[in-house]
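The following note collects points for a colleague who is examining the coordinates. It is arranged by topic, and each point may be read on its own.

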Amino acid sequence: MKILGISGSPIQNSNTDRAVQIVLEATGVRKREFIKLSDYTVSPCNACLGCISTNRCIIKDDGIMLAEKACKADALIIGGYTPYSSLDSRTKSFIERLYPLRHRHGMMSGKPGVAIVTCAIPPGRTNMPPSCENGLQAIRNYMMEEGMEYIGGISIVGNVPCVKCGDGGQCQQSGLKMIHGPEATVESVGIKSIEEDPEIVAALQKLGEDIMEKYYGG
Ligand SMILES: Cc1cc2nc3c(=O)[nH]c(=O)nc-3n(C[C@H](O)[C@H](O)[C@H](O)COP(=O)(O)O)c2cc1C
């Protein structure tokens with residue numbers, strides 16, 4: 001069995017990256033591969049339908065190689081983050097470039113799939129967009145539309161970029177204050193690592209185990 005884990009986060013060793021890696025490791029599968037999309041060039045789909053008869057994209061970039069990896073994988077973990085409260089464009093482009101696998105053969109159909117999304121806006125904030133839910137929905141929709149077995153998804157509250165930018169305390173448009181209130185400071189919000197939350201780690205590991213149960217248990 002082969003499992004492919006994708007992270008759309010360009011941040012080095014980000015929470016998104018590590019979350020995908022935790023799920024991958026929890027599967028215990030030897031043939032597992034982690035891909036960071038920012039290491040590659042993947043344009044969005046051109047909607048040219050040039051892939052219909054060949055099941056192969058005509059855009060000459062890394063999207064072809066990544067679609068081949070997805071095709072050969074028995075399960076797919078997709079992790080993204082949520083700039084402006086939608087799924088990030090790298091992850092979205094990757095998903096669009098899996099379109100060639102669809103025609104006539106439904107090459108992703110029946111494969112277990114997992115979604116992971118990081119955001120900065122905690123769930124339940126009625127005055128802010130539901131970032132994580134939007135991101136999860138985009139990945140889930142892809143898996144549903146390709147007939148994959150959606151195993152589940154996890155949303156993770158990661159870091160507000162303003163914690164790291166150096167100006168987050170004073171900036172007029174500070175995301176820290178927007179999300180956590182006018183009194184929020186870089187210190188009070190702090191930098192979050194998923195490993196500090198045993199519940200998140202356990203939930204990610206369970207997703208890895210669930211992939212295996214679905215694959216072997218039916
Ligand atoms: C340009 C940009 C815009 C962002 N906009 C949002 C947003 O609208 N909503 C949100 O929840 N997070 C937003 N974020 C925060 C990211 O989702 C966050 O950095 C991501 O979850 C990665 O976190 P990590 O560093 O913990 O891995 C934005 C980040 C960037 C770089």
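Helices, of at least four residues in H or I, and strands, of at least two in E, are DSSP runs numbered from the N terminus. The model under discussion is a predicted one.

1. Backbone at N13. This residue sits in the loop that separates β1 (2–7) from α1 (15–27). N13 is not a glycine, yet its phi is positive, at about 45°.

2. Backbone at Y84. A positive phi also occurs at Y84, with a value near 50° in a residue other than glycine. The loop concerned runs between β3 (75–81) and α3 (89–96). Y84 has a relative accessible area of 83% and is therefore exposed.

3. Salt bridges overall. The structure contains 10 salt bridges. Three of these pairs are taken up in the points below, among them D61 with R97, R102 with E146 and E133 with R140.

4. The D61–R97 pair. The two side chains meet in a salt bridge with an N to O distance of 2.8 Å. D61 belongs to the loop between β2 (31–36) and α2, whereas R97 belongs to the loop between α3 and β4 (112–119); the pair therefore ties together parts that lie 36 residues apart in sequence. Are the two partners buried or exposed? Both D61 and R97 are buried, a class that requires under 20% relative accessible area.

5. The R102–E146 pair. In this salt bridge the closest N and O atoms of R102 and E146 are 2.9 Å apart. Distant parts of the chain are linked here: R102 lies in the loop between α3 and β4, and E146 in the loop between α4 (131–145) and β5 (149–157), at a separation of 44 residues. R102 has a relative accessible area of 37% and is partly exposed, while E146, at 11% relative accessibility, counts as buried.

6. The E133–R140 pair. The side chains of E133 and R140 form a salt bridge at 3.1 Å, N to O. E133 is partly exposed at 36% relative accessibility. R140 is likewise partly exposed, with a value of 25%.

7. Positive surface patch. Which residues make up the positive surface patch? It is formed by K2, R30, K31 and K72. K72 is placed in helix α2, which covers residues 63–72. At 58% relative accessibility, K72 counts as exposed. Membership of such a patch requires over 30% relative accessible area and no salt bridge.

8. How many aromatic pairs does a search of the whole structure find? The search returns one. The pair consists of Y215 and Y216, with 4.8 Å from centre to centre and 90° between the planes. Because planes over 60 degrees apart count as edge-to-face, the arrangement of Y215 and Y216 falls in that class. Y215 is partly exposed, its relative accessible area being 33%. Y216 counts as exposed at 58% relative accessibility.

Technical notes: Residues numbered from 1 in each chain as written. Predicted model: local features only at pLDDT ≥ 70, side-chain atom pairs only at ≥ 80, totals over all residues. Heavy atoms only, no water. Phe/Tyr/Trp six-rings, centres within 6.5 Å; stacked < 30°, edge-to-face > 60°. Buried < 20%, exposed > 50% of the residue type's maximum accessible area, 1.4 Å probe, protein only. Patch = residues over 30% accessible without salt bridge, like charges linked within 9 Å, V, L, I, M, F, W, Y side chains within 5 Å. Areas by Shrake-Rupley, 256 points an atom, 1.4 Å probe, with all protein chains shown as cover. Salt bridge = Lys/Arg side-chain N within 4 Å of Asp/Glu carboxyl O. Lys, Arg positive; Asp, Glu negative; His and termini not counted. Charge placed at Lys NZ, Arg CZ, Asp CG, Glu CD.
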